[in-house]
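Please read the following account alongside the model shown below.

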Amino acid sequence: MRKSGCVPLVVLSIAAALTAKAAPVDPAIPPEEASLLFGVEPVGPSPAAPRTADGHPDLSGFWKGSRATKPVGNIGKDLPGFKLPLTAAGAAALKRNLTTTVDPEALCIIGGIPRHSASALPFEIVQNKDHVVFLYMYTYFRSIPVDGRKHTVDPDPTFFGDKTGRWEGDTFVIDTVGLKDTPIWIDENANPQSEAMHVVEKWTRPDANHIHLELTVDDPKFYTHPFQYTRTWLAGRPGEGLKEYSCSENNVDRPHIGPGPGPIRADGTRGYDVPPLPAVPPPPEAYGK
Amino acid sequence: MLRNIAFGLAGAMLVICGSADAHHSFAAEFDGNKPVRLIGTITRIEWTNPHSYFYLDVTDSHGQVNNWACESGNPGALSRRGWKKGDIKFGDRLTVDGYLAKDGSRLIDARRVTLPDGRVVYGGSAGDGGPGDAAAAPKP
């Protein structure tokens, strides 16, 4: 009985394989492309985090996203319903970003902090005794001094802000003020940030394969109370690292990009909830072109 | 069915990629409700960041020739998908499926490109949130 039951399965499998060869398979992004961005969760216990000569955890390395991070690109990731505590001014700024502001990243404007930490893109850290340097895609960087200095008085706003670094035990704390105002987006979903924003990042390396961030946004102008954003990245493979990525080499798209990020899905990411391309789309004349 | 699985895989990869190499969302530039097929001859190739572009002369049913711009992923992404810069040249005939630009210009998002040698390559920017992403997304 079992034998006879197997025959149709085998026939079906062969038929499926033949059909697969004949079918006009739609192209996909190969897995190795995603693996450049996303790390692999290690199996079994990880080695302890390395330490520098002065005894601090060494945060240096190439850090890639985890598939467990959802939604990527949304600073409200850890809030119920991804709902940010916007003030009335914050809601107005969000509306302005959605309706009148082109994504700064699309204009090759630096994303800044916290947006770079909410991005899907990998980054690199280089650490020495008195600086911790973050290297980002688009060939952007921020260098955090670790020398006991205080914030500049009345700093001119910048994309990465006026930042200081210090160690609290095994936690590296970055305190940032003096950040750019709207229309800079705080994340990929066009949420707003104001010059009043104060960002505190607490970075830890619990083991060799992971780096963890607890980030607090305190922006009383646009948000009714401080909120947190947490995330873990995975260590890249040996030999991996950032490569040159020129944002402004050939921006044919710039004059064609409209305001806002487009619709936000129920899962908190930006994008469409509509079917993929039809097998044979119509010619331009279908649209009078 | 197999086509659906293939579409699903493509979409799932996009979702997994998050924002990936896209430096703007699909929806900011293109209309997901206006899929289009261009069949035309290559007149220009720009193998550049943050997007590669190629341009096609497309002849309509009245014999009118219009030049169209096709936006695709960056050179690194396309190369990883098996599309090398030498794979297309001026005068080659291409079939490109994608979506019209929202602003009405002759610009499309080149999502599915049939190369001169018959290979079909994904031409879009990974993780730009374009159509098909969510349909195949693994449920949380």
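In which strand of chain B does B:Asp97 lie? B:Asp97 belongs to strand S4, residues 93-101 of chain B; helices (H or I, at least four residues) and strands (E, at least two) are DSSP runs, numbered from the N terminus. The model is predicted, so local features need pLDDT of at least 70 and side-chain atom pairs count only at pLDDT 80 or more, while totals for chains, interfaces and linings use all residues. Residues are numbered from 1 along each chain as its sequence is written, chains are lettered from A and ligands numbered from 1 in the order in which they are written, and side-chain values use heavy atoms, with hydrogens and water left out.

B:Asp97 is buried, with a relative accessible area of 2%; buried means under 20%, exposed over 50%, and partly exposed in between (1.4 Å probe, protein chains only). Its side chain makes a polar contact of 2.7 Å with that of B:Arg37. A polar contact is a pair of N or O atoms within 3.5 Å; within protein, one must be able to donate a hydrogen and the other to accept it, and residues adjacent in sequence count only if both atoms are side-chain atoms. Beyond its neighbours within four places in sequence, B:Asp97 is in contact (heavy atoms within 4.5 Å) with residues of chain A, namely A:Leu277, A:Ala279 and A:Pro281, and with residues of chain B, among them B:Val36 and B:Asp109.

The contact between the chains takes 61 residues from chain A and 69 residues from chain B. About 5500 Å² is buried between them, with 61% given by carbon and sulfur atoms; buried area is the accessible area (1.4 Å probe) that two parts lose on being put together, summed over both. The interface has 19 residue pairs in polar contact, both at pLDDT 80 or more. On the side of chain A that touches chain B, helix H1 (2-22) and helix H2 (31-35) of chain A each supply at least two residues. H2(A) gives the most, with four residues.

The largest nonpolar core has 42 residues, of which A:Phe123, A:Ile125, A:Phe134, A:Phe172 and A:Trp203 touch the most other members. Such a core is a set of buried Ala, Val, Leu, Ile, Met, Phe, Trp, Tyr and Cys residues joined through side-chain atoms within 4.5 Å. S8(A) gives the largest share of this core, four residues. A second, separate core of 19 residues includes B:Leu38, B:Leu56, B:Val58 and B:Val121.
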